[in-house]
Every structure is written in structure tokens, then in C-alpha cells.
Amino acid sequence: MGGDKIKKDRRQKREDYRAAMRQEGISELPRKKFYRQRAHANPFSDHQLIYPPHPDQMDWSSLYPDYVIDEPHHQESPPSSEVPPDNSELAPLKPKRISKDVEVADIGCGFGGLLVALAPTMPDKLILGLEIRVSVTQFVEDRIKALRAQNQDARLYRNVGVLRANTMKFLPNFFRKGQLTKVFICFPDPHFKARKHKQRIVSTTLNSEYAYVLRPGGIVYTITDVLDLHEWIVQHFDAHPSFERIGEEEQEADPCVGIMRTETEEGKKVERHKGQKYVALYRRLEDPAW
């Protein structure tokens, strides 16, 4: 009974802390210990996620409010022959438009270290973190909110947002063909057991989805501290006709690589333990003429 009470008290303390962090005007950075969650989530489980049927129906306005386009609220009613009166409430809502598209995606963004490091270095790009875990997503939301409040005058971190999503299932629901210029896959779950390899975030099928959302010339950035996973990543991207590996000289000249190595939480952990980091970058090729 005593153990149950302690767990209940801790859970209540976490909930109270998170509720306080979501109040307006809070500029204190969130503390991770109040957002802890299991490191792994089964991507094949039903996570009760909400996702748009089509990218054009995604409302980005809450993530990037500074980029919302002011439009008249009046919307012409369609002819009665197109939408029957008894079905009018089923007509799809028109989302608020923003002035530019998301171009950079961090898949499995974790606690958002890469996101907040990239934001000031790419002020003209909209950057999105995608994370499947509820508490971790909320941490990143609160982190971005606090950073925006702390940098109110400089208007920094307005170009970065986070979304709870399962990219293994719904990536093309959020992004149109050729929309993205950069995709980051940083320290993904290695799923060591052979029977779990189907849950790896790099595969023949998923690489085709990355090719779909990336425009020609766009880059997939990968990094891991697990050699077996690195070799798996290289094997699957090398075998895909839509990608070519970027050479080491060009790779090391890319400033995003340095940020990816040092600014993610996992990257810092590997650094503390004197571990090895394996990097591979792949460029999206032009589609064949046919």
C-alpha cells in the first residue's frame, strides 16, 4: 500500500508540474524528470493518434502561429447541389494557411535537442519534430514555449514545432510529395532482436516514403552509436534507387552534421561514455525520365 501511495503522489506531482508549465507567461525551461516515459514505443500499436487524411487538410497554425496568413473569415457557401443541407456539417473544415511549408523534419525527435539547435541556424525554414511518446512530446512543446518566451524580443524559435505522430504509418499524411529538403534520423531505436527488425525506422518500404516526401537534392541525415544498425541503414539506403550516399568530404563540411553529433540528448550521452558515432548522409536523386 505504501508503494502505491508513493507512485500516486509522484504521478500527481508530475501532473501538477506539467499543468503549471502550460500556463501563459511561463518562461522557465521544463525539467525532464517530470516528463519521463519508457524509452521505447511499439510503432505497430494503436496509439489513438489524430492525423489528416491529406496534407492539404493539416492545420499548422497552432504550431507556427507567427506564420499564419490573415484571411477573411467569410467563406462562400457551395451550391446546394454539391453539399446537401442534411450533410452540411460533414463538409471538411478549411485549415488556416501559413506563409511557408515545413521543410525540415526530425523523425523521433526525443527531447528536442536537435530541434532547438537547428532553429536559430535555419531562421528561414520551418522545422518539425515528430515524436510518438506522449510525455516526451509535451516536454518538447513546453521547451519550445519557454524558449519563445525567453527570446521574445529576438523572436527566436518561432520556426520550430513538435507533433505527436507515428511516422512509420502516417508520414505521407502530413507532407506532400517533394515537400521536404532535410530529414533527420538521429539515434533511432536499434531493435536488436532479429524479430524486432521490422520495427526499425529504416527499411525498404520506409525509404520509399522518405523518397516521396523529399524533393530531388534533399538529404536524409542518419546517426547512431550502434554499428549493426549503421550497417543496416547503409545497406538499405544503398539498395534504394532514389538515393545516393554523400561522400565524407561533403558530409563533414555540412554544418548540420556537427549539430547532429553534439546537440541531441543521445549524442551527448554517447560523448560522455566515450562511444563511437556512425554517420551516413543520403541525397534524394532525380526521378527517372519515364
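Predicted model: local features only at pLDDT ≥ 70, side-chain atom pairs only at ≥ 80, totals over all residues.
Biologist: In what order do the seven strands of the open sheet lie?
Modeller: The seven strands form an open sheet with mixed pairing. Its edge strands, each pairing on one side only, are strand E3 (160-164) and strand E6 (243-245). Neighbouring strands are turned by 20° against each other on average, direction ignored. The order is E3-E2-E1-E4-E5-E7-E6.

Biologist: In which sense do strand E2 and E3 pair, parallel or antiparallel?
Modeller: Strands of a sheet pair through backbone hydrogen bonds, in one of these two senses. Strand E2 covers residues 126-131, and five bridges join it to E3. The sense of this pairing is parallel.

Biologist: Which residue of E3 is the bridge partner of Glu131?
Modeller: Strand E2 spans residues 126-131, and Glu131 falls within that range. Its bridge partner in E3 is Arg164.

Biologist: At about what angle does helix H6 run to E7?
Modeller: Helix H6 is made of residues 227-238. This helix lies across strand E5 (214-224), E6 and E7. Its angle to E7 is about 15°.

Biologist: Which strands does helix H8 touch where it packs on the sheet?
Modeller: Helix H8 comprises residues 255-263, and its direction makes about 30° with that of E5. The strands in contact with H8 are E4, E5 and E7.

Biologist: How many of the eight residues of H4 are buried?
Modeller: The buried residues of H4 are Thr167, Met168, Phe170, Leu171, Asn173 and Phe174. They pack against E1, E2, E3 and H5. H4 is largely enclosed by the rest of the structure, because its buried residues number six of the eight.

Biologist: Which residue has a side-chain oxygen that reaches towards the backbone nitrogen of Met168 at the start of H4?
Modeller: Met168 is one of the buried residues of H4. The side-chain oxygen comes to within 3.1 Å of the backbone nitrogen of Met168, and the residue that supplies it is Asn166.

Biologist: How many residues apart are Trp60 and Phe175?
Modeller: Trp60 is in the loop between helix H1 (2-21) and strand E1 (102-107). Phe175 is in the loop between helix H4 (167-174) and E4. The pair links distant parts of the chain, with a separation of 115 residues.

Biologist: Which residue lies over the face of Trp232?
Modeller: The distance to the ring centre of Trp232 is 4.8 Å. The residue over this face is Arg200.

Biologist: Is Phe187 buried or exposed?
Modeller: Phe187 has its place in the loop between strand E4 (180-186) and helix H5 (204-213). Its phi is near 50°, a positive value in a residue other than glycine. Buried means under 20% relative accessible area. Phe187 has 11% relative accessibility, so it counts as buried.

Biologist: What is the relative accessible area of Lys274?
Modeller: Lys274 has its place in the loop between helix H9 (265-272) and strand E7 (278-284). Its phi, near 60°, is a positive value in a residue other than glycine. Lys274 is exposed, and its relative accessible area is 76%.

How values were computed. Residues numbered from 1 in each chain as written. Heavy atoms only, no water. Helix = DSSP H or I, 4+ residues; strand = E, 2+ residues; numbered from the N terminus. Buried < 20%, exposed > 50% of the residue type's maximum accessible area, 1.4 Å probe, protein only. Lys NZ or Arg CZ within 6 Å of the ring centre and 35° of its normal. Pairing = 2+ DSSP bridges. Axes fitted to C-alpha atoms, helices over the stretch in contact; angles between N-to-C directions. Contact = heavy atoms within 4.5 Å. Polar contact = N/O pair within 3.5 Å; in protein donor to acceptor, adjacent residues only side chain to side chain.
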